[in-house]
Amino acid sequence: MHPAFPRRRLSLAALAAAAVLTGCASNNNVEAEAEAARLAAAAEAAARLPPPITLNDSVAQAASVYVAFTRDMAAIEGGFADPEAVQAALRRGSAYNPEQLSRGLVAYASILALQSPEFVAGVRQYAAHQATREKLVADIVADPRRASYLPGAEAGAGLIIATLRDDIDALGRAADAVENDAYAVQASYDARRSWGVAHVADREGRLAAVKARSTEVMTPSAADAAGLFAAAHSGTGLPVSGGPRRPPYPPAVENALALAALAALGAAGDNARANTDALQNEPTGQRCLNMSKLNLFQCLAASRPSYEDMFCVGRHIVRDLATCTRGAAMPAAVVTVSDLVPVGPPIAAAPPPIVISPAPPPPAQAPAPAARPGIDVSPTVRLNTGAPGPD
């Protein structure tokens, strides 16, 4: 065979192979371009979607501290069976940290706001566009009151205020039961009188123990924290109800709405702990709870019989918790009067006044008898009547 024929066949085969490779490369380029276009379209579509609701777990844990302690205090009832039952209630009620409880109130209120579909939807309408979302987040961080005027904020605030009012009412009923029992146990017909009027054993030791427990860190409830975390992200799971409330709101509610708004914007996750921690600071409630602790210490220092310890529990633990929650989260009453509207014809000038002789002074009253020296007035009577204590 002529040598040129094999070389020609090889050249044709090489050309065919090159054509196949060129076609494959062309097809790969088309596929790559199509894949890149698909990915770009998906990224663009994802950029138009708002981020998911995000709230870090530390907020749920803080909220669980308030929820668990408030529930426990609302469950305290009168009818103590013996002195140890009184001391057990005292140990339970004194074991709270004012700062943690105050922060937990705001954290819990923020999760209540996230149970409002109106509030969540109103905030999330600003979340789809990245620049708008980031601007709103920055505005809320700079001024938390900004969240109080977002669409749906009135509905979120209404859930917060109504739910916390239910807590306040439950605490008030428990305080009434304990304080009334402190009076009942003193009655001669009460079978508990024998120990109710007897002095508490080791009064100094029990006061020192109460002060020590007041400095301990409260442990979050794992079950409550898990439920609150789930409720924050799902918008359901907590028994809430209440109509809308218009601003202005107390700082605790303002901070709670701000914290909830950041969560609805996807900006309250683990990388935003600095912002969510700062929004839980609420000085009004914390100052009130700190003062309550001091009043509790003073009450126990003056208390001698068990019925006075009962009164200290009811007044300076259970009732003060209700009072501090009300002061931190309930709007102050607003009283308005209408403008002066003249009615009827102009009033003629009044005639000159008739001078009447001064009325004789009232008869002097006998002065109240002074407290006899050496007779102590119990804290129960003193706190309810204002009677002076011993010198």
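Biologist: Which helices each supply at least two residues of the lining of the largest pocket?
Modeller: This is a predicted model, to start with. The helices are H2 (57–74), H4 (98–113), H7 (153–184) and H10 (222–234).

Biologist: And which one gives the most to that lining?
Modeller: H2 does, with five residues.

Biologist: How much space lies in the largest pocket?
Modeller: About 360 Å³. It has 17 lining residues, and the closest to the centre are Val67, Tyr108, Thr163, Asp167 and Pro239.

Biologist: How do the residues of the lining divide by class?
Modeller: Ten are nonpolar, three polar and four charged.

Biologist: OK, new topic. At what angle do H13 and H14 pack?
Modeller: About 170°, with the axes 9 Å apart. Angles over 145 degrees count as roughly antiparallel, so H13 is roughly antiparallel to H14.

Biologist: Which residues meet there?
Modeller: From H13 they include Cys288, Leu289, Leu296 and Cys299, and from H14 they include Cys312, His316, Ile317 and Cys324. By class, that contact has eleven nonpolar, six polar and three charged residues.

Biologist: What about H9 and H13, how do their axes cross?
Modeller: They cross at roughly 170° and come within 9 Å. That makes H9 roughly antiparallel to H13.

Biologist: Which residues make that contact?
Modeller: On H9, Arg203, Arg206, Leu207, Val210 and Lys211; on H13, Leu296, Phe297, Leu300, Ala301 and Ala302.

Biologist: How many of those are polar?
Modeller: None; the contact of H9 with H13 has seven nonpolar and three charged residues.

How values were computed. Residues numbered from 1 in each chain as written. Predicted model: local features only at pLDDT ≥ 70, side-chain atom pairs only at ≥ 80, totals over all residues. Heavy atoms only, no water. Axes fitted to C-alpha atoms, helices over the stretch in contact; angles between N-to-C directions. Helix = DSSP H or I, 4+ residues; strand = E, 2+ residues; numbered from the N terminus. Parallel < 35°, antiparallel > 145°, perpendicular 65-115°, else oblique. Contact = heavy atoms within 4.5 Å. Nonpolar A, V, L, I, M, F, W, Y, C, P; charged D, E, K, R; others polar. 1 Å grid on protein atoms, 1.4 Å probe; cavity = no way out; pocket = protein on both sides within 12 Å on 5 of 7 lines; lining within 4 Å. Points joined across faces, edges and corners; volume = space filled by probe spheres on them.
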